[in-house]
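Please keep the model open while reading.

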Amino acid sequence: MCLEIGNKVAVLDDVIEGIVTKIEKSRILIKTVDGLGFWFLESELVKIGESQDSLLRKTRVDSSFLNQKLKGSEKKKSTLFKKSKKEIVMEVDLHIEKLTKSTKGLDNYDMLSLQIETAKRKIEYCVKKRISKIVFIHGVGEGVLKTELHFLLNRYNVRYSDASYQKYGMGATEVYVFQNQ
């Protein structure tokens, strides 16, 4: 491209336009409407006949096509669980320090048994009291408690998935309890 002094130019990667005032080898000085001078390489500039604002005003946008695109992007992602405003959600923390005062004298099997029994009691309580959602907070760890919890949940008429990552992180399971009619 051959630019000359007095040409109106725009910067490719910025919203700057002005008039070429000085040319030195491959560097070009442009002066903006505000009177500021900026140096650019010739490859960073493009010669324009009209201002960018006037070009934008002449551009017609098909609003029906734009509205169609916007409606398509607004579709909500369907989730496994539907939340109603009056819904009761029971949160059960299965961390061992929340279930017992001291773990002294308990081995890993005893701790896991206590956690699973607690989960079993809470599920049966929710079925009895017609509470439809439970969130079991089990933590991340090695995944033994999560695996055992999922094994237990498979014995009941429930559907489960990972709980909200924003609220609980990776260490929780959300359970929907199906109520008998």
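## Terms and basis

Ala, Val, Leu, Ile, Met, Phe, Trp, Tyr, Cys and Pro count as nonpolar; Asp, Glu, Lys and Arg count as charged; the others, Gly among them, are polar. The model is predicted: local features need pLDDT of at least 70, side-chain atom pairs count only at pLDDT 80 or more, and totals for chains, interfaces and linings use all residues. Residues are numbered from 1 along each chain as its sequence is written, and side-chain values use heavy atoms, with hydrogens and water left out.

## Second largest pocket

A pocket is an open set of points on a 1 Å grid over the protein atoms alone, where a 1.4 Å probe fits, with protein on both sides within 12 Å along at least five of seven lines; lining residues have an atom within 4 Å of a point. Volume is the space filled by probe spheres set on the points, which are joined across faces, edges and corners.

The second largest pocket holds about 390 Å³. It has 17 lining residues, and Leu112, Gln115, Glu142, Val144 and Leu145 are the closest to its centre. Helix 3 (96-99), helix 4 (108-129) and helix 5 (144-153) each give two or more residues to the lining. Helices (H or I, at least four residues) and strands (E, at least two) are DSSP runs, numbered from the N terminus. Helix 4 gives the largest share, five residues. By class, the lining has seven nonpolar, seven polar and three charged residues.

## Helix 5

Buried means under 20% relative accessible area, exposed over 50% (1.4 Å probe, protein chains only). In helix 5, Leu145, Leu149, His150, Leu152 and Leu153 are buried. They fall within an arc of 155° down the helix axis, so they line one face; the arc uses directions from the axis to the C-beta atoms. Thr147 and Phe151 are exposed on the other side.

## Nonpolar cores

A nonpolar core joins buried Ala, Val, Leu, Ile, Met, Phe, Trp, Tyr and Cys residues through side-chain atoms within 4.5 Å. The largest has 18 residues; Leu94, Ile134, Phe136, Leu153 and Val175 have the most contacts inside it. Helix 4 supplies the largest share of this core, five residues. Apart from it lies another core of nine residues, including Leu3, Ile16, Ile30 and Phe40.

## Positive phi

Most residues other than glycine have a negative phi. Lys25 has a positive phi of about 55°. Lys25 sits in the loop between strand 2 (17-24) and strand 3 (27-32). Arg130 has a phi near 60°, in the loop between helix 4 and strand 7.
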